[in-house]
Amino acid sequence: MQSLKNKSFTVFDFETSGLDPQNDRVIEMAAIRVVNGEVASEFSTLVQFDGTLAPKITELTGITKEMTTFGMDEDTAFRILNRMLGDHILVAHNAQFDLSFLHHSLMRIAGRSFKNDFIDTLTISRARHVYPHTLKDMCDRYNIPLIGGHRALNDVVACWELFRTMDEELPAMDALNKLGYIKKYGPPAWSPPNAKLEAITLKYAPR
């Protein structure tokens, strides 16, 4: 983990009401702040949601519409999260998804986006391993516990352990701001201005 020393990261994850970052909403968020390789603080909350929550979202996450009524209001939740992010390097698995929701949420709430550098553990996973590359699959590959996946804090803790473990295997900081996308689907509709987009072709295990 030598390459991660003297660096500060915020690992974060969103659970959302859908897949559209412009029109859907964050219903749960979590973040851990890591300084010099050690977890320094964490934040996790459900977020109030006024819309209709699709049954498939509840099936995937276990979060119900009733649960979101007890969540933190969206403005306060993002203010706290923004402090957690600071000027740290952001880390997420499938960062394109979470960074898109972060961007559109901050633009809607605060009229500005973020400028942080970032690491996408999915991009690293696709470069090093054969399909599949979900957080659960990658954690299984490295024997990292992931209990209660698709709940934000559980995913954040697992994502940090995955990033730390992959960095110990082979320094991972060269993936800074790299964002891989599957070639046949084309580049994402939105990506951070500092993103280095890379078209990839998925690798499959030989049969």
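I began with R108, which at 36% relative accessibility counts as partly exposed, where buried means under 20% relative accessible area, exposed over 50%, and partly exposed in between (1.4 Å probe, protein chains only).

For the record, this is a predicted model, in which local features need pLDDT of at least 70 and side-chain atom pairs count only at pLDDT 80 or more, while totals for chains, interfaces and linings use all residues. Residues are numbered from 1 along each chain as its sequence is written, and side-chain values use heavy atoms, with hydrogens and water left out.

**Entry on salt bridges**

I then looked up the partner of R108 and found that its side chain meets that of E74 in a salt bridge, at 2.9 Å from N to O. R108 lies in helix α4 (residues 95–110) and E74 in helix α3 (residues 74–85), so this pair ties together parts that are 34 residues apart in sequence. I use salt bridge for a side-chain nitrogen of Lys or Arg within 4 Å of a carboxyl oxygen of Asp or Glu, and I take helices (H or I, at least four residues) and strands (E, at least two) as DSSP runs, numbered from the N terminus. I find eight salt bridges in the structure.

I next turned to R164, which forms a salt bridge with E168, the closest N and O atoms being 3.0 Å apart. R164 and E168 are four residues apart in helix α7 (residues 152–169), and are therefore separated by about one helical turn. I noted E168 as partly exposed, at 46% relative accessibility, and I also noted that E161, R164 and E168 are linked in a network of salt bridges.

I have E198 as partly exposed at 31% relative accessibility, and K178 as partly exposed at 24%.

**Entry on helix α3 against α4**

α3 passes α4 in a left-handed crossing, meaning that the near helix is turned anticlockwise from the far one by less than a right angle. The contact (heavy atoms within 4.5 Å) is made by E74, D75, F78, L81, N82 and L85 of α3 and by L102, S105, L106, R108 and I109 of α4. I sorted the residues of this contact by class and have six nonpolar, two polar and three charged; Ala, Val, Leu, Ile, Met, Phe, Trp, Tyr, Cys and Pro count as nonpolar, Asp, Glu, Lys and Arg as charged, and the others, Gly among them, as polar.

**Entry on helix α5 against α7**

I looked up helix α5 (residues 121–128) and α7 in turn, and their axes come within 11 Å and cross at roughly 45 degrees, which makes α5 oblique to α7. I have the crossing of α5 and α7 as left-handed. T121, I124, S125 and R128 in α5 meet C159, L162, F163, M166 and E169 in α7, and the residues of this contact divide into five nonpolar, two polar and two charged.

**Entry on loops and backbone**

I noted a cis peptide bond from Y131 to P132, with omega near 5 degrees, and P132 is found in the loop between α5 and α6 (135–141). T134 lies in the loop between α5 and α6 and is partly exposed at 41% relative accessibility. I also looked up T134 and T121, which are 13 residues apart along the chain and have their C-alpha atoms separated by 9.9 Å.

N94 is not a glycine, yet I find a positive phi of about 65 degrees for N94, in the loop between β4 (89–92) and α4, and this residue is partly exposed with a relative accessible area of 32%. N143, also not a glycine, has a positive phi of about 55 degrees; I place N143 in the loop between α6 and α7, and at 70% relative accessibility N143 counts as exposed.

Definitions and conventions: Axes are lines fitted to C-alpha atoms, for helices over the stretch in contact, and angles run from 0 to 180 degrees between N-to-C directions. Angles under 35 degrees count as roughly parallel, over 145 as roughly antiparallel, 65 to 115 as roughly perpendicular and the rest as oblique.
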